[in-house]
Amino acid sequence: MPARRASVAPAIAAPSRETLASRGAFLWVRRASVFVYPKPRSTELWIGSLHEGTPVALRAQAPRRGAGCRADWLPIEPRGWVCGDDRVTQSSDERRIAAVSWARSGELQYALSSGAPMYRRLPTRQEWMRSEAWLGAPGTHAPMSWGNRGHEALAESRAITVNAASPDWFREQGSLFATREPGLLERIIPNGSMLGYVKVLEHEGRVFVVEVDGTLVPAERLRPFRRSEFAGVELNATRSLPLAWTHLAGCPVFEGSELPLRETATRIAGLTLHQVTSERRDPKSGRSFWRLVSAEQPRPNKPGGDAAVGAHWLEAACLSVAQAAPRMPGKLESTEVWLDIAIRQGTLVAYRGSEPIFATAVSPGAGGVPRPGGNLVKDSTTPTGSFRLEHKLAATTMSPEPLVEQRDFWIAEVPATQYFSAPFALHVAYWHENFGQPKSAGCVNLSPRDGATLFALTSPSLPAGWHSVVGGPGASRVLVHP
């Protein structure tokens, strides 16, 4: 099976000092990733990265010479320096830049592979018949492996709609990699792996998605993901902690003021939000219940207040309850944003100083609370403790296998990834919506909407045009507890 090839671009002259020193100049990256350094030399620790095809503004400051770059170091907004060698260009018309920008322009969508080929260019009918003969009939889906079960929760067996015309370079059987890239097949996306795409086009009566890395994948060998619309809530004077989400569907409502509570015929859907007040435990059954607040049942002034006749309750086993943090993560500035994550409850509360401002349900590691002496990675558990964000990425590819060429499983374009104790991160999980339940390999899974909200809230912020930014002493803190 062919290995994935790196893009190869012809060398070009670096932009002139005069041009780059002028206001309004932009720089485009011509390779997969380019690092940003705090000073014009590569002996420093890098502070972020830029991604192929994305423009970043240049500061009105003269380029400089410095160690580790055979060309000038170029100053970018809002800070930092990039080596101005042939990995960057000031020409947005260069074919590779234009092609990648086109492929990424629009709303990113995701799909699950059923063993789909990645073509470097559009194949002819004869070529794809020959290349895919051993893959089985298009539209068939092999069972997920044991380790990948659950990744198809939001995958749908529906057609992917064409949304773009085939550009000239594809119609001429060229590719995004080069004018005439040798070879047709990049590799096979293993069954259960995932990809991201924006553009979808038709060729010889067949629909292809254009993966954001530039390869072409037949849509009939993919299952697109339905986007979860689950989202947490802002906290304010009318909505405060504790809050609860039903992480199980069909949970019964109980009523009464005395134990045992009476089960009603009312059932609650999954992932519904409820304002709750106090918890009550039935000593005979050992079951715990949270009292619901409603327009008909005003909230008591204090926890454990009088439970009037007709009060309604949900069993704690059905709920993910977001409560006030058990402790603060040290001395806090009044404007400092930090995150409190409760593993057993599957909840996250964002604070600004000592004030809770946002709450949601999340999916921590499937292994639950870490065991003493256990292996966090092997046990699929989320580490506990107080951390600062180490690295924020707009998106990244995740895999348990480090070598790209030999990977048998990967999840592409995972959005809003925030590493707090690498390899553990907060990140969007676009393949499920079991939020509130333990689900992940140890990371903290977020819905797409929550991932975007928290990525924007935390520090450091991602500068415009940057793909990633490194944390530091002022990065947001993350407190994880059982």
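**Salt bridges and burial in a predicted model**

Biologist: Is Glu315 buried or exposed?

Modeller: This is a predicted model, in which local features need pLDDT of at least 70, side-chain atom pairs count only at pLDDT 80 or more, and totals for chains, interfaces and linings use all residues. Residues are numbered from 1 along each chain as its sequence is written, and side-chain values use heavy atoms, with hydrogens and water left out. Buried means under 20% relative accessible area, exposed over 50%, and partly exposed in between (1.4 Å probe, protein chains only). Glu315 has a relative accessibility of 15%, so the residue counts as buried.

Biologist: Which residue forms a salt bridge with Glu315?

Modeller: A salt bridge is a side-chain nitrogen of Lys or Arg within 4 Å of a carboxyl oxygen of Asp or Glu. The closest N and O atoms of the pair are 3.0 Å apart, and the partner of Glu315 is Arg287.

Biologist: How many residues apart in sequence are the parts that Arg287 and Glu315 tie together?

Modeller: Strands (E, at least two residues) are DSSP runs, numbered from the N terminus, as are helices (H or I, at least four). Arg287 lies in the loop between strand E19 (273-281) and strand E20 (288-292), whereas Glu315 belongs to strand E21 (residues 312-315), so the pair ties together parts whose separation in sequence is 28 residues.

Biologist: What is the relative accessible area of Glu229, which forms a salt bridge with Arg227?

Modeller: The closest N and O atoms of Glu229 and Arg227 are 3.7 Å apart. Arg227 is partly exposed at 43% relative accessibility. Glu229 is also partly exposed, and its relative accessible area is 48%.
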